[in-house]
Structure formats: C-alpha cells, structure tokens
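Please keep the sequence and the model at hand while reading.

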Amino acid sequence: MKCPYCGSDDSKVIDSRDVNDGVRRRRQCLNCSSRFTTYERVLPSSLFVVKKDERREEFSKEKLLIGIRKACEKRPLPAGTIDRLADDIEAELYGLGKAEIASSTIGDMVMERLRGLDYIAYIRFASVYRDFADITDMKQEVDTLISTGAETDQPGGQLSLLPNEKLRALARSHRRRRE
Ligand SMILES: [Zn+2]
C-alpha cells in the first residue's frame, strides 16, 4: 500500500475496524508519518458492463480512468484526485454486488462526482457522455449549473472561466467530432 503523500511502501496499521462488508484500516506512513485510510474487501470475480447496444464487456478501470482523465485535462485538480475518483467508483460498483452493470449507471456515477469536483470537467464529460445534440443542449446544462449555485459553491467561480467565446469554440469542436 503506497503512501498517497510520499509514495513510500512502508506503513503501519494504527487502527482497524470492520465496516459493512469490509475492513477499514487507519495507517501511518513510516517514511513521512502522514496518516491515511485504506478499505479492504473481497471483490467478486468479474463485473460486466452492459453497453447501450446490449453488448457486454468486462469492466475495466483503465478505460474508466481514460474517460475521466480526458474530461479533467488541464483542470487544476490536486494530484491523485482522478485516481481516487476511479477507485471510489470501482469500489461502489463492486459494492453493488451485481454481475452486470449498465454503462449508463457508471456514466451517472462519474457525472455526479465530477459535478462536485470541477464544473468544466463535468461539462466536458457530459458533452461526450450525454452526447449533446447542439449548443442549446450544452447551454441548458451550464444554465442548470449556474442556477443551482455553481458559481458560488466552488472556489474561484469556475464557470466564469468559460466565457461565451470559449463555449462557442467548444460547441464547434464538438460538432466536428460528431461529423
Ligand atoms: Zn509517506
């Protein structure tokens, strides 16, 4: 178990307790003394994702990470945020205890988390995942964010970084991708 702060492999367990279907361990890094928590549980042998066209494909965290990284490209997110997000979704998926999960369920989980993390990444992910038909669809999503207080509940009011000009450029590139 690597320390999330310094990457060292050496840590000691300072507290351990059973929670639901797993064990939570509080650890302290022997190198930098930082404390962190790990969660351990038994995973079912495999999990399949059911795509829109009913095709099945084994769940791949790598693929999930690629999609999230793309949406978060060049966004000012603290190191490790994207990996934690993917870990979190993976744990939740396996925690559902199902053999098959709809791809839309996974998409919704990503959207929900990105929304609380970074609005630009959220809109980017939504534009691919929800397949916005045009700029009106995208504007609607942005308007919803604004009306639900997006500008004030994230530090720096990130939506102000997306002036109309940029929004139009985004829509143009999105249209190009669809052609
Ligand atoms: Zn450390």
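Of the 179 residues of the chain in this predicted model, 34% count as buried. Among the contacts in the chain with a separation of 6 or more, 45% are made by residues 24 or more positions apart. The secondary structure comes to seven helices and six strands, and along the sequence these elements follow the pattern β-β-β-β-β-α-α-β-α-α-α-α-α.

## The zinc site

A zinc ion is coordinated by the SG atoms of Cys-3, Cys-6, Cys-29 and Cys-32, at 2.3 to 2.4 Å. The spacing of these donor residues in sequence is C-x2-C-x22-C-x2-C. The angles among the four donor atoms run from 105 to 115°, and the site is tetrahedral. For comparison, the ideal angle for four tetrahedral donors at a metal is 109.5 degrees.

How accessible are Cys-3 and Cys-6, two of the donor residues? Cys-3 has a relative accessibility of 4% and therefore counts as buried, the cut-off being under 20%, while Cys-6 reaches 34% and is partly exposed.

Ser-8 lies in the segment before strand E1 (11-19). With a relative accessible area of 14%, Ser-8 is buried. Once its neighbours within four places in sequence are left aside, Ser-8 is in contact with Met-1, Lys-2, Cys-3, Cys-29 and Asn-31, and two of these residues, Cys-3 and Cys-29, are donors to the zinc ion.

## The antiparallel sheet

Strands E1, E2 and E3 form an open sheet of three strands, in the order E1-E2-E3 and with antiparallel pairing. Because E1 and E3 stand at the edges and each has a single partner strand, one side of each is left without a neighbour in the sheet. On average, and with direction ignored, neighbouring strands of this sheet are turned by 25° against each other.

| Strand pair | Sense | Bridges |
|---|---|---|
| E1 and E2 (residues 22-29) | antiparallel | eight bridges |
| E2 and E3 | antiparallel | seven bridges |
| E4 (residues 48-50) and E6 | parallel | three bridges |

Phe-36 belongs to strand E3 (residues 35-41), where Phe-36 is the bridge partner of Arg-27. The relative accessible area of Phe-36 is 7%, so this residue is buried. Apart from its neighbours within four places in sequence, Phe-36 is in contact with Met-1, Lys-2, Cys-3, Pro-4, Tyr-5, Ser-11, Arg-25, Arg-26, Arg-27 and Cys-29, a list that includes Cys-3 and Cys-29, both donors to the zinc ion. Phe-36 and Tyr-5 are 31 residues apart in sequence, yet their C-alpha atoms are 9.0 Å apart in space.

## The mixed sheet and the nonpolar core

A further open sheet of three strands has the order E5-E4-E6 and mixed pairing. Its edge strands are E5 (56-58) and E6 (100-102), each of which pairs on one side only, and the twist averages 35° from one strand to the next. Within the parallel pair of E4 and E6, Phe-48 stands opposite Glu-100 in E6. Helix H3 (residues 103-115) packs on this sheet, touching E4 and E6, and the direction of H3 makes about 65° with that of E6.

Which residues of the largest nonpolar core touch the most other members? In this core of 29 residues, they are Phe-59, Leu-64, Ile-68, Ile-89, Leu-93, Ile-106 and Leu-114. At least two residues of the core are supplied by each of helix H1 (61-72), helix H2 (81-95), H3, helix H4 (119-129) and helix H5 (135-147).

Leu-93 gives a detailed view of this packing: not counting residues up to four places away in sequence, Leu-93 touches Leu-47, Phe-59, Ile-101, Ile-106 and Met-109. Of these contacts, Phe-59 and Ile-106 are themselves named among the core residues that touch the most other members.

Conventions:
Residues numbered from 1 in each chain as written. Predicted model: local features only at pLDDT ≥ 70, side-chain atom pairs only at ≥ 80, totals over all residues. Heavy atoms only, no water. Donors = N, O, S within 2.8 Å, 3.2 Å for Na, K, Ca; no water. Tetrahedral: all angles 85-135°; square planar, octahedral: opposite > 155°, others 65-115°. Buried < 20%, exposed > 50% of the residue type's maximum accessible area, 1.4 Å probe, protein only. Helix = DSSP H or I, 4+ residues; strand = E, 2+ residues; numbered from the N terminus. Contact = heavy atoms within 4.5 Å. Pairing = 2+ DSSP bridges. Axes fitted to C-alpha atoms, helices over the stretch in contact; angles between N-to-C directions. Core = buried A, V, L, I, M, F, W, Y, C linked by side-chain atoms within 4.5 Å.
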